Amino acid sequence: MLDYHLHLWPHGQRDTAPTLEQLSAYCERATSSGVTEIALTEHLFRFRQADELLRGFWDDDPDERLRASMTRYWDDHAHADLDSYVSCVLEAKSEGLPVVLGLEVDYYPGRMEKVADLLAGYPFDVLLGSVHWIGIWRFDDLADPVSMSGWSARDVDSAWDAYTGAIEELAASGTCDVLAHPDLVKVAGHRPVHPEECWERLAEAAASSGMAAELSSAGWTKPVKEMYPGPELLERLVAKGVPLTTASDAHELGNVAHRVADIAAALERFHVDTLRAFRRRRPVTVQLSASAGRP
Ligand SMILES: [Zn+2]
Ligand SMILES: [Zn+2]
C-alpha cells in the first residue's frame, strides 16, 4: 500500500520549517501500518513562490465576499519556502527513507503553463492535481461560513457540473500525474439526483489524460462519510483501466495511513491488485500482495 497524499501542516496552523525528524516519524507510522512508500504532497499555495506567481487570481470575480474570503485564505497559507521543503524531502530520500517528493497543485484556469514552468525547476516525483474551488468558491472549506453558504445559494447539479468541468480542464492541461480525491465535490454531503453523467465524465477525464486516480480515506472523516472516490466512480475508473494510488490526505502525524486497511479492502472488492507509484514523474507499478505490505 501507499500513502501518496500527505501534508506537513494543518490548515489554520502556520508552517514551520520541515525537518528530517518529522519526515522520519511519518515514514515510521506509515510502514508500521503496512504502507511501503509515502509521498509528501504539500499544497502549492502554502509557498511564497506560488504567492508571487498566483496572488490575485481571484481579483476579477464579481463576488466581493468570495474575493475577501480568498484573500484571507491566501494570506493565512502562503508563507513557507518551497526550496526548503524540497531540500528536506530530498535529504530524507537520500537517507533511505521510503518517501518521494510531491506537491498538491490546484487548478488555476489560464495559468497552468506558468505553474508548470515553476514546478519544472524542481525534481518532483509526483504531482497531485486537485480542484478545491469552483471559480473562487471554496466549496470544500467546511470551516469557512462564507464558503459553506455557497451551498445554499447554488444549485447542486450546476455545482457538480462546474466541478467536473474544472477536473476535465485540469486533466487535459497535462500538468499533474494523479487526480486527488476525484469526487471531492460531494464533501459537504450534497449530491445531484442523477450523478451518473458526472461520474462518467470524471472517469473519462482520468482515462483520456493518462492520469492515475487516488483512493483516499479522508472522505470518511467529512460530512459525506464516504471514501473518495465512492464505489460508483471507483467502478468506472477500474473499468476504464485507470491506475490508482492510495492516500490518507493526513495533515498531521496521527492521521498518516488513516484507515489503510479499509482502502485495501475496497481495492480487493474491485479486484485491483496493482497500484501506481512515481519516480521523477514516471510511473512505477506496485504489485499488491502480502509481501508488498497489504494489510
Ligand atoms: Zn486536497
Ligand atoms: Zn491534500
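This is a predicted model: local features need pLDDT of at least 70, side-chain atom pairs count only at pLDDT 80 or more; totals for chains, interfaces and linings use all residues.
Q: How many of the residues of β3 are buried?
A: Count those under 20% relative accessible area. For β3 the count is 8 of 8 residues, and the strand is mostly covered.

Q: Which strand do 6 bridges join to β3, and do the two run parallel or antiparallel?
A: To read a strand pairing, look at the bridges between the two strands and at the way they run. Here the partner is strand β2 (residues 37-43), and the two run parallel. For a place to look, find E42, which stands opposite L103 in β3.

Q: What about strand β4: how many bridges join β3 to it?
A: There are 5 bridges between β3 and β4 (residues 126-130), and these strands run parallel. Start from G102, whose bridge partner in β4 is V126.

Q: Which hand does the β-α-β unit of β3, α5 and β4 have, right or left?
A: Point the strands away from you and follow the path from the first strand over the helix to the second; clockwise means right-handed. The unit made by β3, α5 and β4 is right-handed.

Q: Let's turn to the rings. How many aromatic pairs does the structure hold?
A: The total is 16 aromatic pairs. One of them joins W58 and W74: with ring centres 5.4 Å apart and planes at 55 degrees, this pair is tilted. The pair links distant parts of the chain, since W58 belongs to the loop between α2 (48-54) and α3 (64-77) and W74 to helix α3, 16 residues apart. W58 and W74 are both buried.

Q: Is the pair of W74 and Y108 stacked or edge-to-face?
A: Read the angle between the planes: over 60 degrees counts as edge-to-face. W74 and Y108 form an edge-to-face pair, at 85 degrees between the planes and 6.4 Å centre to centre. Because W74 lies in helix α3 and Y108 in the loop between β3 (99-106) and α5 (112-119), the pair ties together parts that are 34 residues apart in sequence. Like W74, Y108 is buried.

Q: Which residues do ring pairs link into a cluster?
A: Follow the pairs from ring to ring. The cluster holds F45, F57, W58, Y73, W74, Y108 and W133.

Q: Where does the charged end of R138 sit?
A: For a charge over a ring, check how far the charged end lies from the ring centre. That of R138 sits over the ring of Y73, 4.1 Å from its centre. Elsewhere, R259 lies over the face of W220, at 4.0 Å from the ring centre.

Q: Now for a histidine. Is H181 buried or exposed?
A: H181 counts as buried because its relative accessibility is 1%. Its place is the loop between β5 (178-179) and α8 (196-209).

Notes:
Residues are numbered from 1 along each chain as its sequence is written. Chains are lettered from A and ligands numbered from 1 in the order in which they are written. Side-chain values use heavy atoms; hydrogens and water are left out. Rings of Phe, Tyr and Trp (its six-membered ring) pair if their centres lie within 6.5 Å; planes under 30 degrees apart count as stacked, over 60 as edge-to-face and the rest as tilted. Helices (H or I, at least four residues) and strands (E, at least two) are DSSP runs, numbered from the N terminus. Buried means under 20% relative accessible area, exposed over 50%, partly exposed in between (1.4 Å probe, protein chains only). A charge sits over a ring if NZ of Lys or CZ of Arg is within 6 Å of the ring centre and within 35 degrees of the ring normal. Two strands pair if DSSP finds at least two bridges between them.
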